[in-house]
Amino acid sequence: MTVTTIERLADHVGQTVTLRGWLYNRRSSKKLHFLQLRDGTGIVQCIATLEHFGEERFPEIGGLPYESAVTITGEVRADARAPGGFEMDADKVDVVSVSEEYPISHKEHGPDFLLSNRHLWLRSRKQVALMKLRDEVIRTIRNFFHERGFLNVDAPIFTPNACEGTTNLFEVDYFDEEKAYLTQSGQLYMEAAAMAFGKVYCFGPTFRAEKSKTRRHLTEFWMCEPEMAYANLDDVMDLTEDLLQTIVEAVLANRRADLEILERDISALEKIQKPYPRITYTEAVEKLKSTDHKFEWGGDFGAPDETAISSEYDRPVLVHRYPQEVKAFYMRRDPEDDRCALGVDVLAPEGYGEIIGGGERESDLEVLRSRIAEHKLPEEAFKWYLDLRRFGTVPHGGFGLGLERTVCWLAGIEHVRECIPFPRMLHRIYP
Ligand code: 4AD
Ligand code: MG
């Protein structure tokens with residue numbers, strides 16, 4: 001007997017095959033059961049008739065609890081009206097295990113309940129679509145960098161020092177009274193790697209002890225961080241634009257069915273074309289002030305400010321040259337305006353806010369030393385980082401793309417917590 005998967009049914013029309021999965025849903029009439037079988041690759045309707053299964057077996061099939069594990073054998077039919085385009089006439093239904101009463105129904109549940117049952121919630125149709133979208137974005141990013149000659153160099157998770165400020169560090173005991181911190185960003189290590197290999201990227205989990213309970217914050221999230229030697233802010237901005245455009249096009253080309261399951265407004269994604277607008281922080285503040293929006297030059301943008309700025313555009317907007325006070329110690333100052341740093345944030349459209357942060361790095365040893373002192377960071381911990389400015393320093397830069405925020409925007413959903421398999425947030429580490 002040929003065993004196949006639901007996504008491969010097109011290759012088996014008219015043939016009898018076996019599918020292995022779980023009972024997702026069921027509708028029944030007196031003489032027919034419409035069994036929705038899911039197998040991770042899709043969902044297909046299998047029709048079981050009283051006539052074929054008989055008086056004893058037919059009601060048994062009708063009484064199977066949802067999420068029971070079953071294999072179904074039958075003939076594949078193409079049917080334009082069926083979701084996915086195919087149906088199966090069930091010939092055999094073999095029960096592998098009978099499920100207990102499944103806690104997640106097809107009705108609405110509150111987010112707390114669903115998050116506490118994340119290990120089961122992952123099976124739901126929208127969650128499957130989200131994870132497929134996430135997989136698509138990850139693969140596209142890796143291919144993108146590989147094709148452009150970037151080497152994948154992974155950064156450590158345990159680190160001796162902060163990268164993005166000291167307020168949201170996770171501290172861990174690291175033998176003999178030494179402290180270590182979970183990495184906030186692989187950037188500093190990518191700077192070392194860029195001086196070794198030219199163009200590099202890391203892609204892994206990063207950690208922030210964020211006490212904020214917003215729809216954009218996780219305490220553990222995945223970041224992709226490219227870094228380039230011999231690069232300036234413009235090179236960094238060009239790269240953010242090329243990467244995002246490639247991701248949008250890949251998702252539209254390969255994950256349209258999943259976007260439909262997520263009820264995404266696909267036309268909003270189709271409008272996205274390069275070039276993306278580039279405005280300075282100062283211009284963004286002026287735009288805000290010209291509306292009713294209250295904002296003073298010098299502050300960092302909050303979520304409502306970002307939404308107001310991006311609402312003018314139907315594609316991502318690059319905001320560059322922020323006040324240096326709101327940016328990290330490693331950012332190079334703008335030689336044209338010492339109040340500003342050569343950093344860029346990319347704001348996604350439709351109010352999704354910052355999905356990328358990056359810029360050009362300070363490459364001068366003495367300037368960097370004074371920044372470390374100004375930020376009250378321990379110079380000892382940055383000795384190795386300062387070495388990079390001693391031995392063949394060059395202009396360089398890069399950025400970090402937050403994977404969950406990017407997926408959240410592409411999917412058009414409310415909260416980043418659904419864009420990672422097992423979210424970690426303030427007050428949530430189970431399951
Ligand atoms: O802007 P951030 O803090 O930049 C850095 O960490 C740089 N060192 C990156 C670099 O230049 N190599 O973070 C980068 C991105 C943000 O734009 C956002 O998308 C995401 O990481 N991010 C978060 N995502 C989810 N939850 C959080 N708490 C996040 N904090 C940042
Ligand atoms: Mg940022």
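This report walks through a predicted model of one protein chain, from its overall build down to a few single residues.

## Ground rules

Because this is a predicted model, local features need pLDDT of at least 70 and side-chain atom pairs count only at pLDDT 80 or more, while totals for chains, interfaces and linings use all residues. Residues are numbered from 1 along each chain as its sequence is written, chains are lettered from A and ligands numbered from 1 in the order in which they are written, and side-chain values use heavy atoms, with hydrogens and water left out.

## The chain as a whole

Along its principal axes, the C-alpha trace spans about 85 × 55 × 40 Å. The chain has 13 helices and 18 strands; these are DSSP runs numbered from the N terminus, with helices being H or I of at least four residues and strands E of at least two. Of the 431 residues, 51% are buried. Here buried means under 20% relative accessible area, exposed means over 50%, and partly exposed is in between (1.4 Å probe, protein chains only).

Now for contacts, meaning heavy atoms within 4.5 Å. Among those with a separation of 6 or more, 65% come from residues 24 or more positions apart.

## Two domains

The chain is divided into domain 1 (2-97) and domain 2 (118-419), with bounds that come from an automatic or database domain assignment. Their centres, taken over C-alpha atoms, are 45 Å apart. At the interface, 8 residues of domain 1 are in contact with 5 residues of domain 2. The area buried between them is about 480 Å², and carbon and sulfur atoms give 41% of that; buried area is the accessible area (1.4 Å probe) that two parts lose on being put together, summed over both.

The count between the two domains is 1 salt bridge, a salt bridge being a side-chain nitrogen of Lys or Arg within 4 Å of a carboxyl oxygen of Asp or Glu. The side chains of Glu67 and Arg123 meet in a salt bridge at 2.8 Å, N to O.

## Salt bridges

The structure holds 38 salt bridges. One of them pairs Glu350 with Arg264 at 2.7 Å, N to O. That pair links distant parts of the chain, 86 residues apart: Glu350 sits in the loop between strands S16 (337-348) and S17 (353-360), and Arg264 in the loop between helices H7 (256-261) and H8 (266-270). Glu350 is partly exposed, at 41% relative accessible area, whereas Arg264 counts as buried at 9%.

Lys327 also pairs with Asp345, with the closest N and O atoms 3.2 Å apart. Lys327 lies in the loop between strands S14 (317-323) and S15 (333-334) and Asp345 in strand S16, so the pair ties together parts 18 residues apart in sequence. Both Lys327 and Asp345 are buried. Elsewhere, salt bridges that share partners join Asp135, Glu136, Arg139, Arg255 and Asp258 into one network.

Helix H12 (residues 383-390) has Tyr385, Leu386, Leu388 and Arg389 as its buried residues. They cover an arc of only 140° around the axis, which puts them on the same side of H12; the arc is that of the directions from the helix axis to the C-beta atoms. These residues pack against helix H5 (187-197), helix H11 (365-374) and strand S18 (396-402). After H12 comes Gly392, with a positive phi near 70°.

Strand S18 contains Gly397, which counts as buried at 0% relative accessibility. Gly397 and Ala231 are 166 residues apart in sequence, yet 5.8 Å apart in space, C-alpha to C-alpha. Beyond neighbours within four places in sequence, the contacts of Gly397 include Glu227, Met228 and Val236.
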